[in-house]
Amino acid sequence: MHKVGFIGLGNMGKGMAQNLSKNNILVTGFDVDKTVFEYLKHNKIKQENNLETLVKNNEVLITMLPDGPIVKKVWEQLINYSDQDKILIDCSTIDVETSLEVQKLAKIKGIKTLDAPVSGGVMGADSGTLTFMVGGDFDTYSSYKYLFDIMGKNSILCGEIGAGQSAKICNNMLLASTMIAVGESFNLAKNLGLNLEKLYEVLSTSSGSCWAINNYCPYKGIGPDSPADKNYNGGFATSLMKKDLSLAIAAAKSSGTKVNYGLQSQKSYAKLVDDGHGELDFSCVVEKL
Ligand code: NAD
């Protein structure tokens, strides 16, 4: 039986770990927040409170953590406890530099690594329909693709290490802007007296359709179940979107890329965080801004 140590069982990690567990992978979890195990106690995910033991008992270690500094801190420990029989896979969204730094550190000890950030949100994590954007070498990707196939419906090897993170920030910069545009479109429709259910039917099947409408409609009671139906609780925190936009803008600056919409979106999500909405799902931008 394959064994996976899963570190970071928050909004995303818990669904991903559960899907592995449901598919005959022996999953052991580690999280600094022990309350996550309350939620997970009814399935077969074991709890481990010691990272060294987690590494010792598992060939595959997956991290799904909030940001680069935390990934760096955790990976330094994982690398310290690992040997060349281990594979470390980071599915968090972090800056390319940190991703490269920790993966190169691992390579010195002969430890295999992949960066494999995801798209698809909490619903995708729960339903096993994520898209993985992978950076690494072909052989390592091919050997562990079965894990992405369980947790997602697509995995794309984007290039060498770091390429997955580059693809991810491009994706999220686009998503940040489309969510704002979807909000503006719905607000206009409301002010024009349109029935929003009918607008959803039109937009989701017309040239304006996009993931933010079809899969994540930011209006309560419209479209598939989404964080809007839970008053923007759960989902993808606005503070995490702000982080991703900072990563994208920094990458745009360093590569000399003009990103006017990206800059505008960054300001919008930063304001939401300043206004105290950082914990809410990022789709609250349509209501709170
Ligand atoms: P989250 O905050 O819900 O979960 C993170 C988990 O990591 C928490 O349970 C936290 O306790 C744990 N953690 C923090 N520090 C730790 C440490 N030192 N050791 C062990 N565990 C630690 O975040 P999330 O929404 O699950 O997002 C995780 C990552 O996935 C982020 O990088 C985010 O940008 C990315 N992401 C999120 C979504 C989404 O829709 N939520 C979608 C795609 C990508």
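Is Asn231 buried, partly exposed or exposed in this structure? In this predicted model, Asn231 counts as partly exposed, at 48% relative accessibility, and the legends below begin with this residue.

View 1. Most residues other than glycine have a negative phi. With a relative accessible area of 55%, Asn24 is exposed, whereas Asn231, at 48%, counts as partly exposed; the cut-off that separates these two classes is a relative accessible area of 50%.

**View 2. Asn43 in the loop between α2 and β3 (46–47).** Asn43 counts as partly exposed, with a relative accessibility of 24%. Although Asn43 and Ser21 are 22 residues apart along the chain, their C-alpha atoms are separated by 8.0 Å.

**View 3. Lys14, a buried lysine without a salt bridge.** Lys14 is found in helix α1, which comprises residues 13–22. The nearest side chain of opposite charge is that of Asp126, 5.7 Å away, and Lys14 forms no salt bridge because that term requires a nitrogen-to-oxygen distance within 4 Å. When neighbours within four places in sequence are left aside, the residues in contact with Lys14 are Leu9, Tyr39 and Leu40.

**View 4. The largest nonpolar core and the surroundings of Phe132.** This core holds 33 residues, of which Phe6, Met16, Leu20, Ile89 and Phe132 touch the most other members. Two or more residues each are given to the core by β1 (3–7), α1, α2 (36–40), β4 (60–63), β5 (87–90), α6 (121–127), β8 (130–135) and α7 (138–151), and the largest share, six residues, comes from α7. In soluble globular proteins, nonpolar side chains tend to be buried together. Leaving aside neighbours within four places in sequence, Phe132 is in contact with Met16, Cys91, Ala116, Pro117, Val118, Phe148, Met151, Gly152, Asn154, Ser155 and Ile156.

**View 5. The contact between domain 1 and domain 2.** The domain assignment of the protein chain places residues 4–161 in domain 1 and residues 166–288 in domain 2, and the centres of the two domains, taken over C-alpha atoms, are separated by 26 Å. Each side of the contact is made up of 16 residues, from domain 1 and from domain 2 respectively. About 1,100 Å² of area is buried between the two domains, with carbon and sulfur atoms giving 68% of this area. On the domain 1 side, Thr93, Met123 and Met133 supply 40% of the area buried against domain 2, which is more than any other three residues supply. The count of salt bridges between domain 1 and domain 2 is zero.

**View 6. Lys72 and Glu101, a salt bridge linking distant parts of the chain.** The closest N and O atoms of Lys72 and Glu101 are 3.1 Å apart. Lys72 is in helix α4 (residues 68–81) and Glu101 is in helix α5 (residues 96–108), so that the pair, 29 residues apart, connects two helices. Lys72 counts as partly exposed at 27% relative accessibility, and Glu101 also counts as partly exposed, at 40%.

**View 7. Two further salt bridges, Asp149 with Lys145 and Asp225 with Lys230.** The N-to-O distance between the side chains of Asp149 and Lys145 is 3.2 Å. Both residues lie in helix α7, four residues apart, which corresponds to about one turn of the helix. Asp149 is partly exposed, with a relative accessible area of 43%, and Lys145 counts as partly exposed at 30% relative accessibility. The side chains of Asp225 and Lys230 meet at an N-to-O distance of 3.8 Å, and Lys230 counts as partly exposed, with a relative accessibility of 43%. In the model as a whole, the count comes to seven salt bridges.

Key:
Residues are numbered from 1 along each chain as its sequence is written. This is a predicted model: local features need pLDDT of at least 70, side-chain atom pairs count only at pLDDT 80 or more; totals for chains, interfaces and linings use all residues. Side-chain values use heavy atoms; hydrogens and water are left out. Buried means under 20% relative accessible area, exposed over 50%, partly exposed in between (1.4 Å probe, protein chains only). Lys and Arg count as positive and Asp and Glu as negative; His and the chain ends are not counted. Contact means heavy atoms within 4.5 Å. A nonpolar core is a set of buried Ala, Val, Leu, Ile, Met, Phe, Trp, Tyr and Cys residues joined through side-chain atoms within 4.5 Å. Domain bounds come from an automatic or database domain assignment. Buried area is the accessible area (1.4 Å probe) that two parts lose on being put together, summed over both.
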